Amino acid sequence: MRCTVIGPETATAPRKVSYALVELKKEWSGDWFPEPTLRFMSASLCASAHDLGQCVIRSRYGKVKETYEISLTAREAGDLTGWWVRIKFINEQGEMTAWVGKIEGESREIYGSDTARTGVQDWVAYSPLQLLRKKWFSHSIWFVDNVEKELGWIPSFNRRDEYGRLDGNRSAYKSGESYVYGGIHLWTRRQMAEYVLKRFADEEDGPTWTLAGQAELLEDVTDEVRLDVTQRVSDILARLITPRLGIDYKVVPTDAGFEIHVFALVAQNYGFSGASLPRNPNTVKVESSKLHEMPVVKIVRSDEQRYGKVRILGARIIVCCSLRADAGPTLEAIWSDALETAYKAGTGTPSDDAEKHDGARTADIYRPVYQRFGAPVDWSVPAPSLDASGNVISSD
């Protein structure tokens, strides 16, 4: 399920949920406290690649009366911008945390009154993914000579330079709770994600971020992941945990903060070339015999994640061999006839002495003439046969 919408009707389901409780706190390190004057209106829970989850809660100001009050009360308009909000559903079995996020906006309706300002405030909160969209960084952490250092640039993970040398590698050991740059080891995508979360998402006085769910799906992928000069944490996670690999993630609240919960996008196990993509173990069971207990059940079928072909791409195969003029194909000149004619012409003026002609022939443009030979254009070597693991089993 990629996105779920919950509303006040969910909080009135018979024998399922008695009511929705709105809780607030100003600082993450503070304690949650219930706020009965706030009414839960709606919320959405979405996977990261699908949308940004939102929640709307409502408050009234002016002369108002709540159901638990015996008379009208004068209440001023409030300001909840920047506050944390948590929605809990309470039923006969206990309580369940349904949504956690941070308030970032307000929509206000102003009513006419001859005694006091009166109206309704709708507070819009966003899911924790919004926090990762606001965390930017443009530096990297390295472990050199047993000392952790910070450099003001970001090399791509597992990047190779123009000479093929690996310079975006990771350290041999973890520095703190994650690996960092420096060393000779390849990053796995799981190690990349842990590095990003621990180094750039965690805050001293804020929530902690962890990797959970089917995170093992990231352990065998050690490809190059390109990074930009300046990055957002959410952008990097979107590249690491991408539907292109058949996976996605959702943000799940924990006691200490939030976890990046990885899950597969397939409903059954798949295997190919010795590798496997397990199914998503998180399922929702809907029993037709109990539909009368559910006020609203909506099932949507979509081809959004359907693919007609899956291609497994690896490194380009390079075949090396030696050629001789007296065996195999005849080597051919790989310079043009026009270039050879110009080379022979030297300066282009026949009356010039030999020294000037020889000097003209030393120009870089004439370097291939009489020096560079290669195989015929229509010649090729049969590609080697490979097994399922990519090993060469025949080179005939």
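Modeller: I shall take Val284, which lies in the loop that runs between β18 (275-277) and β19 (332-333). The description rests on a predicted model. Val284 has a relative accessibility of 64% and therefore counts as exposed, since the cut-off for that class is over 50%. Together with Val286, Val297 and Ile299, Val284 makes a nonpolar surface patch of about 380 Å².

A residue of another element may be set beside this one. Lys149 belongs to strand β12, which comprises residues 147-151. Its relative accessible area is 41%, so Lys149 is classed as partly exposed; that class lies between the limits of 20% and 50%. Leaving aside residues up to four places away in sequence, Lys149 touches Ser140, Ile141, Trp142 and Val144. The C-alpha atoms of Lys149 and Gly182 are 10.0 Å apart in space, and 33 residues separate the two in sequence.

The setting for both residues is a protein with 5 helices and 22 strands. The protein has 396 residues, of which 36% count as buried. Among contacts with a separation of 6 or more, 55% are made by residues 24 or more positions apart. The protein exposes about 25,000 Å², and carbon and sulfur atoms supply 49% of that area.

Technical notes. Residues numbered from 1 in each chain as written. Predicted model: local features only at pLDDT ≥ 70, side-chain atom pairs only at ≥ 80, totals over all residues. Heavy atoms only, no water. Patch = residues over 30% accessible without salt bridge, like charges linked within 9 Å, V, L, I, M, F, W, Y side chains within 5 Å. Areas by Shrake-Rupley, 256 points an atom, 1.4 Å probe, with all protein chains shown as cover. Salt bridge = Lys/Arg side-chain N within 4 Å of Asp/Glu carboxyl O. Helix = DSSP H or I, 4+ residues; strand = E, 2+ residues; numbered from the N terminus. Buried < 20%, exposed > 50% of the residue type's maximum accessible area, 1.4 Å probe, protein only. Contact = heavy atoms within 4.5 Å.
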